[in-house]
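I opened my notebook to look up how the parts of this protein chain meet. These are my entries, in the order I made them.

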Amino acid sequence: MQTITTVAELRRELAKACSAGKRVGLVPTMGYLHDGHLALVEASRAQCDVTVVSIFVNPTQFGPNEDLSSYPRDFVRDEKLCRDAGVEIVFAPGAQEVYPAQFETFVEPGELAKPLCGAFRPGHFRGVATVVCKLFNMVHPDVVFFGQKDFQQCAVVRRMATDLNLPIKIVTVPTVREPDGLAMSSRNRHLSKEERRRAVAIGRGLFAAAEEFRAGVREVEKLIAIAERQLETVDRLQYLELVDGDTLKRAESPLRFPAALCVAAYVGSTRLIDNVLLGLPTP
Ligand code: AMP
């Protein structure tokens, strides 16, 4: 495994892979890797010849009062996890490499970036779309892997790839969870023991609603209320919304299209997000 920090060196290495006709997979991450990230690596290894994991805590997707400086980092551990997982290249550029002085060009997503997290994190998806677009141009992957946990991010990135004619296959990998249902997240490490116990309510709420959905319930308010009941133990519910799976607009009763129940909640001072898909055949 190679660790590369500059775009020039990355291009040199990947040119070799490309001329050998190898299929390149990209797994973009912000590091502090866990089994969720490793599921993306596994998917890439299954579908591609060379897997590149990027590790970059992207400053442009954090708001001024968000947790950029306290975002968990452990590069040595990340490198070991990648090596053990069979990754060929870890790309870990510094902030200057990605955003050199006088950088001023951004990718501006549209309506998909407005609800849910977008409503509470102004500029977040602009930062995400920009860094993902830049990573696509640096790596030129054939396939890129994202986690279902960041449902809105997947929607924004897919839209961007279509709108900007980026010739890249995008694969979404199901959310990997702890045995008690908590979605794995780098931010889980900020939870105290007591908070960790209460955080389990997030997955429970979503699963309770999904079960009712499977039992035939199609009323939006009813499904939200079922999840909300479980979520009483979180400290602050930022949003709990049932949205159309394609447009991310609020779903209407009775549900007739694939939908996603999405949540953002604070447990202590840690903000966690999660979602479940409520699948219905598109009529
Ligand atoms: P992050 O490092 O949190 O920016 O995440 C990097 C990638 O890993 C994103 O595509 C996430 O959606 C994905 N990811 C994060 N947590 C999980 C999880 N629990 N299961 C599956 N994918 C995940």
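First I wrote down what a polar contact is: a pair of N or O atoms within 3.5 Å; within protein, one must be able to donate a hydrogen and the other to accept it, and residues adjacent in sequence count only if both atoms are side-chain atoms. With that in hand, I looked between domain 1 and domain 2 and found seven residue pairs in polar contact, both residues at pLDDT 80 or more.

Some ground rules. I'm working with a predicted model, where local features need pLDDT of at least 70 and side-chain atom pairs count only at pLDDT 80 or more, while totals for chains, interfaces and linings use all residues. Residues are numbered from 1 along each chain as its sequence is written, and side-chain values use heavy atoms, with hydrogens and water left out.

**Entry: the two domains.** I noted domain 1 as 2-173 and domain 2 as 186-276; the bounds come from an automatic or database domain assignment. Their centres, taken over C-alpha atoms, are 26 Å apart.

**Entry: salt bridges.** A salt bridge is a side-chain nitrogen of Lys or Arg within 4 Å of a carboxyl oxygen of Asp or Glu. The side chains of R187 and D67 form a salt bridge at 2.8 Å, N to O. Searching the whole structure, I got 12. Among them is E13 with K16, also 2.8 Å from N to O.

**Entry: the ligand.** Which residues come nearest to the ligand? Of the 17 around it, I listed M30, H37, D150, V176 and M184; a residue counts as near if one of its heavy atoms lies within 4 Å. A polar backbone atom of M30 sits 2.9 Å from a ligand oxygen. H37 uses a polar side-chain atom, 2.9 Å from an oxygen of the ligand. For M184, a backbone N or O atom is 2.9 Å from a ligand nitrogen.
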